[in-house]
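Thanks for coming. I'll take a few minutes on one model and keep to its helices and its sheet.

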Amino acid sequence: APLSPGNLLSLQGAAVIFNLSASNEYLGKVPRRRRIVIEQSRRNIGAYVFCGAGACESTSETVYNAPMLIAQNGVLLAERESFSLNTSMLLGDIDLQSIAYVRRQSSSYRDSLHKFAMTTRTVSFTLPEHDTYAFAALPDPTPFLPKRDEEDMFSRISAIQETGLARRMRHIGSKTAIVGVSGGLDSTLALFVAVRAADALGMKRRDVIGVTLPASVTGEASLGRARRLVEALGARLVEADIGDHVDDHLDLIGHDKKRGDTTYENVQARLRTNILMNIANMERGLVVGTGDMSELALGWCTYNADQMSMYGVNAGLPKTLVRFMVEKYAKIRFTEAVVDVANAVLAAPISPELLENQVTEDTLGSFEVNDFILARVLRDGDDATRVAWLISVVFGLDDKTAHTYTRRFFERFMNSQFKRQTLPDCPKVLDISVSPRGNLKLPSDIDNMNR
């Protein structure tokens, strides 16, 4: 129907619509029914539960096959059909809190409220609570990764990143693209995007400048990967050793260079950004930002250093999706020499290399777990208690570890909003973002949600 009873009921506050239907079978009916159920759940910003008549009700010229579907917010949660003459059942997990959260965020839903009044009947009921809840299907532990049509998903994401950068470069008349290349995941993806954007603009690969900025704690392995990557892509390699400049700066501010504290780390990061910006001025170019959504959410960046650029191509991608994109870019878009370097990047531990033997996940924990938390918080509005319970179930963590992850995430997320408030322009890739001009509109001094 153009405006179904389920649509009207959802505007009166119903979170779950049940459709008990005598939906008979014919060739092509299954995909059509599935599309309708999914679309109704999306339009309602709610759950839609469809249950059709079973085979035992078939008669004369109509046959039924007990179609059962559960969808929520445009996502099919569970589906089953059976031509059996026996009774069948379908179980699925509906997240009522997520529905309420998404409805609060949706201006389109809010604009439709109270415009279509209808008479409703309210019936009170209670559902028993259980100490141990068993999911019909566990939540996806990698919610940002495609589960099918991987190449199509890769092509769409890469097109968004490349087009966004190419449009910005054309708009400002940029003659070059400058990328600080570390030999890690983020800068590898940024360099891939920059090269492809240059190709699209008809520029030479040499107009993409990969800058390595080693310091005293930079590892030879990562520096080697950075050099090989720039050369394999046919870009221009520039190397600027900042070791002496770091020492000079530390002397200038009266710092004890033997202490590996935050100041020691941040001096390196800020010097690198300063040099990249100046090279961009000299080469009439644009500094391409490398930081990803996961690190921005956790505040794992230095203010006015790697947090800053002239266009941040990776800010719309969580770390797990960055890894996926690096792997696909190398295999689909580039030569075998690039694949070899990309595999080395993928195999290396993630590190900013601002201290000796520094490994990011030793401090932040697994990016897979953190990205799961990021999805639950920004997509579903989960609080700390719910997140801790979910990651203990999904990842098999004990209570102490689950609460450590949760406390760390919320503290870092809330305390780092000021870094995201000044985030450079960046293309939105997913249905969520951490840009203050996009989905994440938070004051910098918001209270901690870890309760």
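Predicted model: local features only at pLDDT ≥ 70, side-chain atom pairs only at ≥ 80, totals over all residues.

Residues are numbered from 1 along each chain as its sequence is written, and side-chain values use heavy atoms, with hydrogens and water left out.

Helices (H or I, at least four residues) and strands (E, at least two) are DSSP runs, numbered from the N terminus.

First, the sheet. It is open, has 5 strands in the order β7-β6-β5-β8-β9, and its pairing is parallel; two strands pair if DSSP finds at least two bridges between them. β7 (236-239) and β9 (311-312) are at the edges with a single partner strand each, so one side of each has no neighbour in the sheet. β9 runs parallel to β8 (residues 285-289), and 2 bridges join them. Valine 288 has tyrosine 311 in β9 as its bridge partner. Helix α5 (residues 150-172) packs on this sheet and touches β5 (176-180), β8 and β9; contact means heavy atoms within 4.5 Å. The direction of α5 makes about 155 degrees with that of β8. Axes are lines fitted to C-alpha atoms, for helices over the stretch in contact, and angles run from 0 to 180 degrees between N-to-C directions.

Next, α8 and α9. The axes of α8 (residues 243-252) and α9 come within 10 Å and cross at roughly 120 degrees. The two helices are therefore oblique to each other; under 35 degrees counts as roughly parallel, over 145 as roughly antiparallel, 65 to 115 as roughly perpendicular, and the rest as oblique. On the α8 side the contact uses His245, Val246, His249 and Leu250, and on the α9 side Tyr264, Val267, Gln268 and Leu271.

How far apart are the end C-alpha atoms of α9 (residues 262-282)? They are 30 Å apart, which agrees with the 30 Å that its 21 residues should span at 1.5 Å a residue; the expected span is 1.5 Å times one less than the number of residues. After α9 comes arginine 284, with a positive phi near 50 degrees.

Last, α11 (residues 319-333) and α12 (residues 336-347). Their axes come within 8 Å and cross at roughly 165 degrees, which makes α11 roughly antiparallel to α12. Arg323, Val326, Glu327, Ala330 and Lys331 of α11 meet Val338, Val339, Ala342 and Leu346 of α12.
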